[in-house]
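This report covers how the parts of one structure meet, within a chain and between chains. Please keep the sequence and the coordinates at hand while reading.

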Amino acid sequence: MELANTLKQDGESRGGVLAQLERLETQVSKFHKKLEEPQDAQALEARIHELERLRDNLRAEVKQRQAGVKASTANVEPDQTLEISEQEILERKQENVKAILQAYRFTGISGKLTSRGVCVCISTAFEGNLLDSYFVDLVMEKPLWIHHHSVPVFIPLEEISAKYLQTNTQRFLFVLCEYLNAYSGRKYQADRLQNDFAAFLVGPLQRNSLCNLLSFTYKVKLKGQSFPFCARLLYKDLTTTLPTDVTVTSQGMEALPSTWEEQRADHENLFFTKPLHQVFTSFARKGEKLDISLLS
Amino acid sequence: MDSQRAKARALEAEITALRRACIETQAPEDDDSQVRKSFQETYQSDSEEWRSSKDLRSHLESLESELQFLSRLTGISIRNYCKKTEDLTSTEMAEKSIKKVLQRHRLSGNCHMITFQLEFQILEIQDKESLSSVITDLSIIMEPNEYSELSEFVSRAEEKRDLLMFFRSLRCFVEWCDYRKHTFKHFKEKYPEAVQLSEGASSSYMGIRNPSQPGFELVIVWRIQIDEQGKVLPKLDLLTKVPLQALELDKNRVIETAPLSFRTLLGVLGIEATLESLIKSLCTEESS
């Protein structure tokens, strides 16, 4: 039978469900054989009931699959030989718990127990972009100490641990998470500027490792004229991804014509309020003519 | 008899058709086979541990306690999680060794008293040099809804698809809510007559009055705000409720300037000390 072949081919990966189908098929073929022999009314009745039961089971099975729900072998009647073993339940629970442990990385802080404590993993992101992860291996002794970590040297880890590690481990992690995410976000913005908007830059983007001091010269066009501006962005608050100090100056020239002065002031404001690469996206979008309505 | 046989034949035909339908609805890449695949992989690596139900049970227990520990450490408790993966790599991409995968995640759990349900999609593109992972869709449902400050924050997080900021700010917000509740409760217990929590300890209002001088009332409004960057900041204000006569007698305009002085005091003494001094100053003549 064609169907039997299909069943056998996929048997490997389809496990219990196809085994169930095979059993159903065996039962049906048994009834097929009985069809050749003359039957008395009672036996025929019984067979019809059996077939109806099988058909109803299969209908339910198809319905469940079509609804996208995993077929539950709990629907099986007790006198059929398939049972859910306790093993399977435990295995599924284990799957579930393992998956949840993995999912913790989406909350920003996840971890794995170690023989001496816990290895905490801090994930970072900037808006929707998932970025680097950092780990901190904590040894749960008195006092708590950091065995090793992958936190960059310019992040004030010692300061943060000194303040919180012993008294409030949770707070230690939250604060470290803030610092790392902010650093990651600033780095992302600087990288995007360098890679995606090189056409706007005059000379290299100057940046420090903490990415909280950026200095660059860029050119924008207004009414056919191109004008270079020097920008200096300082992020004093290491837990933010927007600068605290922005200065945009004209390169060399003492006094700017009024339209350019307006532009300069607008740009300063933009750098304060929007992520760096998004400011340049808006510059690019406006193309030739820069619009003050960018501010609203 | 004939009709019965016909009925039996019809049933058999139906059964055959249903079996065929069963096999067809099992798509090549469905959850079931995914689960079994990862299941088999784990089996191979941990085959020692699966010898008996007992081993399995103790392993499960240790995993569950790890989960509890993580939930205490991070402040977030995840109760349910499932993931579906869709391979979007076209043959063109495969030739250039580019792999494109769309993941659909569903996560639910709680952070103290706030429960959340999240659905998000992550697009992963892997080429020879790098891997980029971007959240392409995020939807958040939160309960309870009474924290009005949260709904604006939630729409902002959804718009920016900033999943991690959502959790960072949520933790912070919940911590502040807890602190506010404890502070209000503490003062209510210390000065039961003077302090009024008309909307309960979980609300943003605390009233102070001197029972021997009805008509005078101070209301502390303590809001917890989340700014554009996801930073959580407490914002406290003082409202005064004073009878007209008293206002007229107030030559030094103490009552008028009270809200401003309140802010200054907050900056100097901090929240608890400021509230304490306010209560004490209003109730200096409190009869025992």
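## Domains of chain A

In this predicted model, chain A divides into three stretches: domain 1 covers 2–76, domain 2 covers 81–180 and domain 3 covers 197–295. The centres of domain 2 and domain 3 of chain A, taken over C-alpha atoms, lie 38 Å apart.

## Domain 2 against domain 3 in chain A

The contact between these two domains involves six residues of domain 2 of chain A and eight residues of domain 3 of chain A. Together the two domains bury about 640 Å², with 71% of that area on carbon and sulfur atoms. On the side of domain 2, the residues that lose the most area to domain 3 are A:F126, A:F154 and A:Y179, and together they account for 69% of what that side buries.

By class, the side of domain 2 of chain A that touches domain 3 of chain A has four nonpolar residues, two charged residues and no polar ones. Across this interface there are zero salt bridges. One residue pair is in polar contact there, with both residues at pLDDT 80 or more.

## Chain A against chain B

Between the chains, 79 residues of chain A are in contact with 69 residues of chain B. Chain A and chain B bury about 7200 Å² between them, and carbon and sulfur atoms carry 64% of this area.

How many salt bridges link chain A and chain B? The count is six. A salt bridge joins A:R59 to B:E14, where the closest N and O atoms are 2.5 Å apart. Polar contacts across the interface of chain A and chain B number 19 residue pairs, both residues of each at pLDDT 80 or more.

Helices and strands both contribute to the side of chain A that touches chain B: α1 (2–36), α2 (41–66), α3 (86–103) and α5 (169–196), along with β1 (109–113), β2 (117–126) and β3 (129–139), each supply at least two residues. That side of chain A consists of 34 nonpolar, 21 polar and 24 charged residues.

## Strand pairing between the chains

Strand β3 of chain A is joined by two bridges to strand β4 of chain B, residues 131–143, and the two strands run antiparallel. Within β4 of chain B, B:S133 stands opposite A:L130.

Conventions:
Residues are numbered from 1 along each chain as its sequence is written. Chains are lettered from A and ligands numbered from 1 in the order in which they are written. This is a predicted model: local features need pLDDT of at least 70, side-chain atom pairs count only at pLDDT 80 or more; totals for chains, interfaces and linings use all residues. Side-chain values use heavy atoms; hydrogens and water are left out. Contact means heavy atoms within 4.5 Å. Buried area is the accessible area (1.4 Å probe) that two parts lose on being put together, summed over both. A salt bridge is a side-chain nitrogen of Lys or Arg within 4 Å of a carboxyl oxygen of Asp or Glu. A polar contact is a pair of N or O atoms within 3.5 Å; within protein, one must be able to donate a hydrogen and the other to accept it, and residues adjacent in sequence count only if both atoms are side-chain atoms. Helices (H or I, at least four residues) and strands (E, at least two) are DSSP runs, numbered from the N terminus. Ala, Val, Leu, Ile, Met, Phe, Trp, Tyr, Cys and Pro count as nonpolar, Asp, Glu, Lys and Arg as charged, and the others, Gly among them, as polar. Two strands pair if DSSP finds at least two bridges between them. Domain bounds come from an automatic or database domain assignment.
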